[in-house]
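The notes are grouped by topic.

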Amino acid sequence: MFKKKNSINNRLEAPIPEFKEAKKTKRKPTARQPKPPKIKEKKQKKPKTFKQKLYIGFATAFVFSLFFAALLLGKPKDDQLILLPNESGTLSLTNPILDHVASFQSEDENIKVSSNGKVKATKPGVYTVKISALFRTFYCEIHVPGFKEDNFILSAGYTYQSQAVGTGNDTVKWESSDKGVLTVSPNGSIETLKEGEATITGKDNGKKFSTRVQVVGISIDSSIIFSNTEHQLKISDAVRDKVKSWSVDDENIASIDQNGKLKGLSAGDVRVTCNIGNNTPLFLNVTVAGLDKSEAYLKKDESIQLNITGLSSTNGLHFTSDNTKVATVDEKGAITAKNAGKANITLAGAGQSMSCTVYVMDIADSYIIPLGSTQKFKMDYLGNDAKYIIEDTAVASEASGKITGISEGQTSMTVESHGKSFDTTLYVAQIQPTSTEVMEGEETSVMITGLPDGISPTWRSEDEKIAKVDGNGNITGVKEGETVIKGTVKGNTFSCKIKVSKGQAADTSEEGAPEEATESSSEAAEETTQTTEKKNR
């Protein structure tokens with residue numbers, strides 16, 4: 001009925017057949033076929049709106065924020081834990097999640113920490129425990145209150161810083177069992193009052209701890225000692241056998257040997273320390289008094305003040321001079337130089353004394369130097385650094401403190417020593433003649449020229465059996481022979497050799513020319529003068 005086509009297009013183009021209504025015929029009954037299962041159609045979900053998506057995002061973020069907030073808000077239940085030595089405690093975190101995974105650690109061997117957070121300290125102190133939980137790290141301080149030592153020794157009369165450790169000093173309440181021996185301030189510092197024993201008790205947040213304190217002392221005959229004096233220190237019998245060593249904090253002020261003998265050296269305050277083998281040595285404060293001068297060089301009639309150093313009061317002390325002809329001192333230490341010499345000015349009191357040596361220097365108005373001689377310049381208490389300034393070096397010269405007379409005359413000289421300046425005059429003198437002859441029974445004379453006015457020599461003959469000399473230098477020949485006539489002026493000796501002969505003496509002195517020769521010389525001089533005048537005309 002249909003024309004079969006091989007292509008799709010042919011099928012599509014085929015004419016639509018006409019259908020006739022079929023006749024209704026009865027179907028023979030057949031076996032009942034099972035009904036095919038109903039296939040439920042999946043309901044297609046409606047897409048979420050933007051508002052719904054926004055609500056879901058907020059809810060998710062809120063849940064996660066609560067979780068992380070719980071982690072971040074976790075912390076140790078106790079930032080600070082107070083335990084007594086050998087007492088146990090437990091550390092934990094406020095966040096159960098963090099607490100479950102937490103680990104505990106301490107690097108100090110004096111505290112033990114278990115994996116479940118139990119801690120136990122064996123020694124007083126402050127320790128830190130590190131707590132690690134996930135990405136969080138916490139630190140907890142463990143305070144174990146106590147003292148540095150169970151029993152310790154302190155010096156009487158001093159204030160010590162707190163000997164407690166592992167405490168918060170502002171929270172501790174202190175007590176002393178004997179306030180006559182020692183007291184404890186609110187900050188834990190200890191003031192020792194006298195020798196004895198007492199117990200110190202501290203209470204920190206309900207934790208009590210205590211220690212026994214023995215107060216001993218170092219004694220000296222005087223808390224103020226003079227320089228250059230020695231004093232034996234004494235220590236309490238209770239610790240005498242425990243002494244290890246002695247020392248001072250300033251060896252320029254005082255020195256001490258290992259037997260406890262203290263010597264003052266210079267003015268100032270010094271602390272003596274006695275090591276008795278524990279962590280707290282014994283102390284003694286000593287004041288060394290001194291004079292601001294151990295020696296002084298003064299000019300005649302000069303005054304200086306001698307001061308006491310290291311003392312605020314001079315009650316009971318007094319000054320004296322052992323040579324008031326050289327220097328005097330008043331009650332306040334004012335010294336006045338009187339005359340050249342040496343004097344010791346002494347300050348005494350409290351069974352001690354110290355002194356200052358005063359040297360009074362003075363220079364003579366004049367010094368005499370024999371012509372051609374070299375002499376060491378003599379002046380009491382000259383220093384090695386003395387300087388000599390000579391005005392006219394043609395008359396005299398100086399080298400290494402030695403003066404040489406060069407030519408007859410006088411010159412001024414200044415001597416500088418110990419910061420002082422002294423002026424004098426040098427006189428270079430000579431004896432005339434230096435040798436002469438005289439007949440037995442005859443007289444001649446000698447003299448010293450270049451001497452200061454008013455100064456005369458003292459004359460003497462080495463052998464008066466040959467020649468004698470009087471106080472004016474007049475010489476008388478006694479018998480044939482030779483001797484020396486000497487003139488002495490201020491420690492300087494001038495000598496003239498003299499020969500005594502029989503009969504007419506042949507004068508060989510510088511002034512001993514014969515009278516006839518002298519007259520001839522005078523006549524010749526007059527003739528020369530007349531001739532010169534004629535030539536000038």
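**Asn492 and the second largest pocket**

Asn492 is a residue of strand β48, which covers residues 492-501. The model is a predicted one. Asn492 is one of the residues that lie nearest the centre of the second largest pocket, and that pocket lies between two domains, because domain 5 (366-430) and domain 6 (433-501) both give residues to its lining.

**Chain overview**

- The protein chain has 48 strands and four helices.
- Of its 537 residues, 36% are buried.
- Among contacts in the chain with a separation of 6 or more, 52% are between residues 24 or more positions apart.

**The second largest pocket**

- The volume of the second largest pocket is about 250 Å³.
- Its lining has 13 residues, and those nearest the centre are Tyr367, Ile368, Gln375, Lys490 and Asn492.
- By residue class, the lining of this pocket has six nonpolar, four polar and three charged residues.
- Strands β34 (366-370) and β35 (374-376) each contribute at least two residues to the lining.
- The largest share of the lining comes from β34, which gives four residues.

**Asn492 in detail**

- Asn492 has a relative accessibility of 6%, so it counts as buried, the cut-off being under 20%.
- The side chains of Asn492 and Gln375 are joined by a polar contact of 2.7 Å.
- A polar atom of the Asn492 side chain also lies 2.8 Å from the backbone oxygen of Ile368.
- With neighbours within four places in sequence left aside, Asn492 is in contact with Ile368, Pro370, Gln375 and Gly487.
- Two of these contact residues, Ile368 and Gln375, are also listed with Asn492 among the residues nearest the pocket centre.

**Ile403**

- Ile403 is part of strand β38, residues 402-405.
- Its relative accessibility is 1%, and therefore Ile403 counts as buried.
- The C-alpha atoms of Ile403 and Lys376 are separated by 6.2 Å, although the two residues are 27 residues apart along the chain.

**Ser155**

- Ser155 lies in strand β9, residues 151-155.
- Ser155 counts as buried because its relative accessibility is 0%.
- The side chain of Ser155 reaches the backbone nitrogen of Phe283 at 2.8 Å.
- Not counting residues up to four places away in sequence, Ser155 touches Tyr160, Thr192, Val215, Val216, Pro281, Leu282 and Phe283.

**Val478**

- Val478 is in the loop between β46 (474-477) and β47 (481-489).
- Its relative accessibility is 37%, so Val478 counts as partly exposed.
- Glu443 is 35 residues from Val478 along the chain, and their C-alpha atoms are separated by 9.6 Å.
- Residues touched by Val478, beyond four places in sequence, include Glu464, Lys465, Ile466, Ala467 and Lys468.
- Glu440 and Val500 are also among the residues that Val478 touches.

**Backbone geometry to check**

- Most residues other than glycine have a negative phi, and most peptide bonds are trans.
- Tyr381, not a glycine, has a positive phi of about 70°.
- Tyr381 is placed in the loop between β35 and β36 (387-390), and Tyr381 counts as partly exposed because its relative accessibility is 26%.
- His418 is likewise not a glycine and has a positive phi of about 55°.
- His418 is in the loop between β39 (409-417) and β40, and His418 counts as partly exposed because its relative accessibility is 29%.
- The peptide bond from Gln432 to Pro433 is cis, and its omega is near -5°.
- Pro433 is in the loop between β40 (420-432) and β41 (435-439).

Conventions
Residues numbered from 1 in each chain as written. Predicted model: local features only at pLDDT ≥ 70, side-chain atom pairs only at ≥ 80, totals over all residues. Heavy atoms only, no water. 1 Å grid on protein atoms, 1.4 Å probe; cavity = no way out; pocket = protein on both sides within 12 Å on 5 of 7 lines; lining within 4 Å. Points joined across faces, edges and corners; volume = space filled by probe spheres on them. Nonpolar A, V, L, I, M, F, W, Y, C, P; charged D, E, K, R; others polar. Domains from an automatic or database assignment. Buried < 20%, exposed > 50% of the residue type's maximum accessible area, 1.4 Å probe, protein only. Polar contact = N/O pair within 3.5 Å; in protein donor to acceptor, adjacent residues only side chain to side chain. Contact = heavy atoms within 4.5 Å.
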